[in-house]
Amino acid sequence: MTTTTTTPGPVTRVRNAARANWLFIALGAVAVVSLVRIVTDTNDLTSVGTIRAAIIATCPILMAGLGGLWAERAGVVNIGLEGQMVLGTWGAAFFTYHSGSPWVGILGAALLGMIGGLLHAIATVTFGVDHIVSGVAINLIGVGATTYLAEATFTDLEGGGPRQLIGLPTPTTIDRIPGISGSAADLADKHWFFISDVASFVAALTTKISLLSLVIFALVVASGWILWKTSFGLRLRSCGENPQAAETLGVNVYLYKYVAVLISGAMAGIGGGFLALVASSGFSTNQTNGRGYIGLAAMIFGNWRPGGLLAGALTFGYTDSLRLRDTHAVHSLLLLVAVALIAITVLRVVRRQIAGAVAMAVPGAALLVWFLSTDSVPRDFTSMTPYVTTLFVLALGTQRLRMPAADGRPYRKGSAG
Amino acid sequence: MTQESVAVELRGIGKRFPGVIANHDVDLTIRAGTVHALIGENGAGKSTLMKILYGVQKPDDGTISINGREVALRTPTDAIANGVGMVFQHFMLADNLTVLENMVLGAEKLHGIGDRARAEIRRISDAFGFGLQPDVLVEKLGVADRQRLEIAKVLYRGARIIILDEPTAVLVPQEVDALFANLRELRNAGNAVLFISHKLDEVLDIADDITVMRRGTTVGTADPRTTTKRELAELMVGSELPSPETEESTVTDTVQLTLADVTLADEFGRNLLTDVSLSIRRGEILGIAGVEGNGQAELVETIMGMRIPGAGRIHLGTEDVTHWHTRKLREAGIGYIPEDRHRHGLLLDAPLWENRILGHQTQAPNAKGPWINRSGARKDTQRIVTEYDVRAPGIDTPARALSGGNQQKLIVGREMSGDPVLLIASHPTRGVDVGAQAAIWDHIKRARRAGLAVLLISADLDELIGLSDTIQVILRGRLVGTFDPASVTPQDLGAAMTGGEAA
């Protein structure tokens, strides 16, 4: 036979290399942050408080992103995440108040998110409505419905009003883990290069952290495992890659799409619940403030994978938390981003991607000049700087994104062959 | 023929779609342990019938019996449960999943999704010499490997009745030989293979029984040992197949298109085209042979100005057009029949006369100054419809409503309008029926006599050999050989296309 056979290398080695790559990038990122912290003398950049705030800011984005991951892996674009999150905020408040348990509230948030997901699934899967159109409609419905429901159900409650409900019980907080929390915090206070930054992270993860945050991180791992290591996940992903092929192999594509979008809504709802119960002192209308979209963006930058999505959400969460700390930190952020961009420039020069290198070098140099020539970022900019810089890093730093092949495409049964 | 040896029996199958009768009164009997060929022209209803047998479509009338038992196949799951497996013409694989994932999808219960499945894949692969690697992404596989994966998928599910829908359409001759070796082994292992094709040589080579379809129904059966190609062809179309034979040479000395050392790289710096040099003279048809994906599409896009080469020059006549953009090139007289008429050639939901304007929106008779000349375009569309025998209810019909052959005739008519100096024809007769094919060949030959330079890219080696004055072979973005169509055989070309020695 003179057939052309491709001879691939051992795949496991490639996978291990990819894993090592992630670890390398994460360590590199910590080192860069640490360096900038020491150069600018902004210890707040990686203080335990900052990291703790970053984790709280990350969680809702992470849940929205996870919701996006579930839906898009099954081939449904869910920009209705924002609306499903908003529904989740109300659900969390309502069920927590009436049951007295925040965990019941979280289940309520998931339920409300799921209702949003169900609407989206009916529209896109059963009726073949354009996914974007349906998603926008769900966002509008979500905001409208929660505003109405809040006014109808919270106005006369204790701690409630037409637009809010405060004084709700919160999920358990882990105050400290003996042996780890204390020593990590001590180490963080030494402000050593690298070690203290890692210690800060450990301290933030073990001290005064909401159990719900840990549950959310566990959900990321669980989602990755279910989607990539079980036959259920394989079938679900096949619906996003090639639903016609899945159909010819006996996969009930409609069913899997429905399940995926329902889970997607539930995830977004839990993210909304986190906002109402953990991230703030209670429910208020329009609490999500665009986090659904940011979660979607984090998922896209994360290349439709749980690890990448986690990295994207952490970046958003981190810069968002810096904004709330002090303006000096935001100013240091300029240097941080400049250094990151220049690092990517170098990487691209090494790989001989000259056009890409120039595209990174120009904004990198501009930010560096901005940093060196000023002492602070104007107050008007501080609120948006984190978003702009994160977008810069993620948009320019990410290459070769690979979305599920049939993502957002209409699918009709019997169209195979 | 005893009753036990019948694997599949179809009786009186009928299937109607809105406005179309896809199948009616279809009778088909397939014996176990044989390769059964089902032949017929495009649109004869073969694919619909196969979808019915695989449970993708439900028949409106008729019965299906498998191993002597009448069955109702409502979904592919039912078909798989009855031991029917199908290899689609357009592969049903998810590129972004691995071989293993594609294989176990839908059949996870058989051997799990881990090491047991991996071992089973290796076993099947070794038994039939498929050479499959379980953990490779499907996007990395070549066409022949994908097809072997598809066959292995069917076997993995324990199918005993294997349907292959035009499996050779995407293969070069050597790969076809390898496929046939696989099919013979499957047959010897006691499976029934249903082989759908319209290539008569191949059918006579591999089949034990032949059934012929025409206009949605089975019109007869034939014995491959006693029947001839001519008889099969007559059964299929009612007349002898046309062949694309050229008359005497009309090549002139005037060079119309020259490419000198054209190199094109993708965004990651990999070369898609490397040092491509060619020239086409007026009245000459230059054929490009190659396995799909070896740079043909990029070559066409470079000439058409859709991509700008990193190095090398392109001349149209005496003019350097290397950096010209597509509209300027078209205005300079390049006609273009794109390889995928649905994606590039037509607006499917626009009426014919609007499609007539596409690509010629700045030229008479379609434009008057900055405005579209509606009546001019409509009148000219009417002319194309008449001259090129485009069978359509009218010029206000949406292009989608036309059959593939008629859509293609409209494109050919459009691209021949306004006296082009160069025609780039990418797979001009792909997916069109025999009648339209002959008409399109006639138009290309007539234009050649009138002095048109033609770049012909085709996967149909008979078409290339029959039409071209010169054939060049493209392999991994390089032109690797020049052949004289008068003396070359498809086997020679196939060997050059895969970079191997002549078989």
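Helices (at least four residues) and strands (at least two) are DSSP runs, numbered from the N terminus. The legends below describe a predicted model.

Figure 1. Chain B contains 18 helices and 22 strands. Its C-alpha atoms occupy a box of roughly 70 × 50 × 45 Å along the principal axes. Among the contacts in chain B with a separation of 6 or more, 68% are between residues 24 or more positions apart.

**Figure 2. Domains 2 and 3 of chain B where they touch.** Chain B is split into domain 1 (3-237), domain 2 (254-333 + 420-503) and domain 3 (342-418). The C-alpha centres of domain 2 and domain 3 of chain B are 25 Å apart. Contacts between these two domains involve 15 residues of domain 2 of chain B and 14 residues of domain 3 of chain B. On the domain 2 side, helix H11 (326-331) and helix H16 (434-449) of chain B are the elements that give two or more residues. H16(B) provides the largest share of that side, six residues. By class, the domain 2 side has eight nonpolar, three polar and four charged residues.

**Figure 3. Overall build and domains of chain A.** Chain A has 17 helices and four strands. Its radius of gyration is 23 Å, close to the 22 Å given by the globule rule for 417 residues, so chain A is as compact as a globular protein of that length. The C-alpha trace of chain A spans about 80 × 60 × 45 Å along its principal axes. Buried residues account for 50% of the 417 residues of chain A. Of the contacts in chain A between residues at least 6 apart in sequence, 76% join residues at least 24 apart. Chain A is divided into domain 1 (44-325) and domain 2 (326-402), and the C-alpha centres of these domains lie 27 Å apart.

**Figure 4. Helix H8 of chain A and the elements it packs against.** Helix H8 (residues 211-229) of chain A has 19 residues. From its first C-alpha to its last, H8(A) reaches 26 Å, close to the 27 Å expected at 1.5 Å a residue. Its buried residues are A:Leu212, A:Ser213, A:Ile216, A:Val220, A:Ser223 and A:Leu227. They cover an arc of only 110 degrees around the axis, which puts them on the same side of H8(A). An α-helix has 3.6 residues a turn, so residues three or four places apart point the same way. The buried residues of H8(A) pack against helix H2 (48-73), helix H4 (102-126), strand E3 (209-210), H9, helix H11 (253-279) and helix H13 (306-325) of chain A. Exposed residues on the other side of H8(A) are A:Ala218, A:Val221, A:Trp225 and A:Lys229.

**Figure 5. The contact between chain A and chain B.** In this interface, 28 residues of chain A are in contact with 37 residues of chain B. Helix H9 (231-241) and helix H10 (243-248) of chain A each supply at least two residues of the chain A side. The chain A side divides into ten nonpolar, 13 polar and five charged residues.

Note on methods:
Residues are numbered from 1 along each chain as its sequence is written. Chains are lettered from A and ligands numbered from 1 in the order in which they are written. This is a predicted model: local features need pLDDT of at least 70, side-chain atom pairs count only at pLDDT 80 or more; totals for chains, interfaces and linings use all residues. Domain bounds come from an automatic or database domain assignment. Two residues are in contact if their C-beta atoms, placed from the backbone, lie within 7 Å. Ala, Val, Leu, Ile, Met, Phe, Trp, Tyr, Cys and Pro count as nonpolar, Asp, Glu, Lys and Arg as charged, and the others, Gly among them, as polar. The expected span of a helix is 1.5 Å times one less than its number of residues. A residue is buried if 20 or more other C-beta atoms lie within 10 Å of its own, exposed if 12 or fewer, and partly exposed in between; C-beta atoms are placed from the backbone. The arc is that of the directions from the helix axis to the C-beta atoms. The radius of gyration is taken over C-alpha atoms; the globule rule is 2.2 Å times the number of residues to the power 0.38.
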